[in-house]
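Hi everyone, thanks for coming.

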Amino acid sequence: MESQDYHAAMAALAWQIELGVDECIGDAPINRYEVPAAVAKPAPVAAPAPAAQASAPPVPAQEVDAVAIARAAAEAAQDLEGLRAAMAAFEHCDLKKGARNLVFSDGVPGARVMIIGEAPGRDEDREGRPFVGRAGQLLDRMLGAIELDRASSVYITNVLPWRPPQNRDPKPEEIAMMQPFLRRHIALANPDVLVVVGNHACQALLGKRGITRLRGEWTEAEGKPALPMFHPAYLLRTQAAKREAWADLLSLKARLRDG
Ligand code: URA
C-alpha cells in the first residue's frame, strides 16, 4: 500500500472510532445513499405551501430543554420498570445512538445498599448490565469481603445508562441531562445507604470531585447517607489504594450493622 493510502486509511479509521464504531459488520462497504429506491423508500412529499405562506420568514426551531424533558419523564415514573421504560424512550442524549444496550441496573431492587458507578464500558454495553467487566469482578470481590453480593444484598446502577464512545469521560452536559433519572432511580429503589464510586458519580450526586479527599467520609446525597469510594477500575490500576478501599468497606459494614 502506498504510504499516502496508508495514512488516509488510518485517518478514516480514527474518524470512525471517534464516531463510536467498534466492530466490523461486513467485508464490503455499502454506500447507503446508493441503495435502490425500492429499498430506500423516498420520504413522502409534503403538500406545497399556500402562496401566501411561501415568502413567510422561517420559524426558528424550538430549542429543546433536554434536562426539563428528562425531569418530567423521570418524575412521571411510578416504579423501577416505569423508570427503565422512560429512560429507554428518552431520545435527547446522543450516547444512546452509539450504544448497543441501555444499562439500567443489576442486583436486588430494594436492597439496603445502592452502588452508583459512572457509565457502562464495553462489556456492560454488550450485556446490558452494570459492572460485569474486570472492574465489576473486582467490585464483586470487594462486596464479598464484607458478605454482600449482587444476588442478594446490593443494587447497582450508573450515572449514565449508555456507554460513552471509547470509554471517554462523561461530559458535564450528559451528566446533567441524565441526573433527573438517577435521582428518581434512588428515590424508587429507596436504599438505606448509597455507595458513590469514583469522581463522576461524586460529581453527579455530591456536586464535587476529588475522590482522594472525599472517600471514606460519610456524607449525604438525595437524603441518604452516602459513602464515596475509589472506583474499582482505579483500584485495578493502583494497588496502593486498596488499603483505603478496605477501610471504606469496613466502614460500610459497620454502618449496616449499626444502622
Ligand atoms: N465502570 C462503571 O462505572 N460502571 C460500570 O458499569 C462499569 C464500569
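Which polar side-chain atom lies 2.7 Å from an oxygen atom of the ligand? That one belongs to His231. Before going further, please keep in mind that this is a predicted model.

Now to the backbone. A polar backbone atom of Glu118 sits 2.7 Å from an oxygen atom of the ligand. Ala119 also takes part through its backbone, with a polar atom 3.1 Å from a ligand nitrogen. As for cover, the ligand taken alone exposes 240 Å², and the protein buries 91% of that.

So who else is around the ligand? Besides Glu118, Ala119 and His231, you'll find Gly117, Glu124, Pro130, Phe131 and Asn158.

Finally, a word on confidence. The average pLDDT for the chain is 88, and 77% of the residues score at least 70. Please look at residues 38–52, though: there the pLDDT is below 50, and beyond near neighbours in sequence the stretch has 2 contacts in the model. Where pLDDT is low, the predicted coordinates should not be read in detail.

That's my tour, and I'm happy to take questions.

Methods
Residues numbered from 1 in each chain as written. Predicted model: local features only at pLDDT ≥ 70, side-chain atom pairs only at ≥ 80, totals over all residues. Heavy atoms only, no water. pLDDT = per-residue confidence, 0-100. Contact = heavy atoms within 4.5 Å. Near = heavy atom within 4 Å. Polar contact = N/O pair within 3.5 Å; in protein donor to acceptor, adjacent residues only side chain to side chain. Areas by Shrake-Rupley, 256 points an atom, 1.4 Å probe, with all protein chains shown as cover.
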